[in-house]
Amino acid sequence: MSFSYTNAVDLAAGIAAGDFSAREVATSFLDRIAETDDQLNAFLAVDVSGALATADAIDAARARGEALGPLAGVPVAVKDVLTTKGLPTTCGSKMLEGWIPAYDATVTANLRNAGAVIIGKTNMDEFAMGSSTENSAFGPTRNPWDAGRIPGGSSGGSAVAVAARQAPLSIGTDTGGSIRQPAAMTGVVGVKPTYGGVSRYGLVALASSLDQAGPFATTVADAAMLHAVMAGHDPRDSTSIDAPVPPVVQAAANPDVKGMRIGVVKQLTGEGFQREVREHFQESLDALADAGAEIVEVSCPHFEYALAAYYLILPSEASSNLAKFDAMRYGLRVGDDGDRSVEQVMALTREAGFGPEVKRRIMLGTYALSSGYYDAYYGQAQKVRTLIANDFAAAFSQADVLATPTAPTTAFPLGEKVDDPLSMYLQDIATIPANLAGIPGMSVPVGLDDQGLPIGLQFMAPAMADDRLYVAGGALEAAIGWEARP
């Protein structure tokens, strides 16, 4: 690269100061994508002309002495589940192949307003259903630490784009761990904000009560900068919280954990977690204690039911949300030769357009919502959700933030769990509870396993206390000095 790039905060400052141009920066990252993405498959669309045009506009604005936005000239990759005016939005599915939205998601619009250069759309598990980015209709994304392994999912493309230096920042979405788990498996920082803290307008819905967009970055401070731009009240989203954005940038700038109580969730630290994951987790806790934090153990007894409740709630909401993909208004249409009924065309299109995991979850959800089973399945799952929220409330009466390993294992080989859905679902065992309760979570890289694969630690905080994540995450980052890159 023709400029000094260590993190996105410095990159934004360098562009604003005129140390290098936004075009130089955009060109450098576009070149990096061209060099590496044939192997990694992190991007589904790269907007070369749009990125360079935005970069040139930033350079021209700076030359005129105009005030620049906080992300002016900084390239950002966007998960292909958020609508982008003039750019394809496929959700990793044949069902939406070739669809170009006529409008921007609120997150996309916020990026543009902040001066970000949207460099492209990233690969993902189809309609965000998966934990490995192997369910994309356009081929799997590969982990830059080992191209024979998965990068996590469903936001694997966004995680890889940052880990492989294809973009300094990226956007993912998290329904049950889909930002935090791939962040852990690729060695980057990933944050799920408080539910309602970031608008869902223009985010193609998987499970409306669980979905939340959030940032990927190489540092906690970079994630905070992107979080602050993404977040805020949006009247177009009925679940958007009408409250000030938590002071995440200030928190990341002053990560002092002296006196902070960090609660270790005993149900998420033992059996079932890889040895190196447990070891690095304990070493991280020791480093936080040395920095002045108080480590306490907390119990969340209903967490053991979180996975089962989640895999009733999510498929139920997905079954409802995906009903709109009916071959009638937009997207794929199969068998419309004039001799078939609407119902036949719809059935043929959904058979051809949806992949196996999407079909599995639609069927599960339709069953759970069907007459005679709604109360027994979906209703009971919602009661478990309340118990999990109560567990969190009790835990936060004893601790300021909670800590767990992000994922039970490091990245596994491509194909290893494709035919074992339960084993795949268990990858989200530590991340799902935060989505069910609507609270924020962050994954911070803390080390490598014996095979040189990244390990993450997860922090969770009460709703709208996202700034606590950035204090704890920044302190841990400073304490362990993580600088490894693939």
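F127 touches C91, S93, M95, L96, V204, L206, L322, F325, F354 and V358, leaving aside residues up to four places away in sequence. This is a predicted model. F127 is also one of the residues with the most contacts inside the largest nonpolar core.

**Nonpolar cores**

- The largest nonpolar core has 131 residues.
- Which residues have the most contacts inside this core? They are L111, F127, I171, F459 and Y470.
- Helix α10, residues 306-321, gives the most to this core, with eight residues.
- A second, separate core has seven residues, including A159, V162, A163 and I179.
- In soluble globular proteins, nonpolar side chains tend to be buried together.

**Backbone exceptions**

- Most residues other than glycine have a negative phi, and most peptide bonds are trans.
- C91 is not a glycine, yet its phi is positive, at about 55 degrees.
- C91 sits in the loop between β2 (75-79) and α4 (106-113).
- R165 also has a positive phi, near 60 degrees, and is a residue other than glycine.
- Where is R165? R165 lies in the loop between α5 and β4 (169-173).
- R165 counts as partly exposed because its relative accessibility is 30%.
- The peptide bond between G153 and S154 is cis, with omega about 10 degrees.
- S154 belongs to the loop between β3 (117-122) and α5 (156-163).

**Cysteines**

- How many disulfides does a search of the whole structure find? The search finds zero.
- Is C91 buried or exposed? C91 has 0% relative accessibility, so it counts as buried.
- C300 has 0% relative accessibility, so C300 counts as buried.
- C91 is among the residues that F127 touches.

- Strand β5 covers residues 189-192.
- V189 and V191 point one way from β5, while G190 and K192 point the other way.
- Are these four residues of β5 buried or exposed? All are buried.
- In a regular strand the side chains alternate between the two faces of the sheet.
- Two bridges join β5 to strand β6, residues 213-217, and the two strands run antiparallel.
- V189 stands opposite A217 in β6.
- Three bridges join β5 to strand β10, residues 441-448, and this pair also runs antiparallel.
- Which residue of β10 is the bridge partner of K192? The partner is G441.

**Helix α11**

- Helix α11 covers residues 342-353 and has twelve residues.
- From its first C-alpha to its last, α11 reaches 16 Å, close to the 16 Å expected at 1.5 Å a residue.
- Which residues of α11 are buried? They are V345, T349, R350 and G353.
- Seen down the axis of α11, these buried residues fall within an arc of 125 degrees, so they line one face of the helix.
- An α-helix has 3.6 residues a turn, so residues three or four places apart point the same way.
- The buried residues of α11 pack against α12 (356-368).
- On the other side of α11, E343 and E351 are exposed.

Note on methods:
Residues are numbered from 1 along each chain as its sequence is written. This is a predicted model: local features need pLDDT of at least 70, side-chain atom pairs count only at pLDDT 80 or more; totals for chains, interfaces and linings use all residues. Side-chain values use heavy atoms; hydrogens and water are left out. A disulfide is a pair of cysteine sulfur atoms within 2.5 Å. Buried means under 20% relative accessible area, exposed over 50%, partly exposed in between (1.4 Å probe, protein chains only). A nonpolar core is a set of buried Ala, Val, Leu, Ile, Met, Phe, Trp, Tyr and Cys residues joined through side-chain atoms within 4.5 Å. Contact means heavy atoms within 4.5 Å. Two strands pair if DSSP finds at least two bridges between them. The expected span of a helix is 1.5 Å times one less than its number of residues. The arc is that of the directions from the helix axis to the C-beta atoms.
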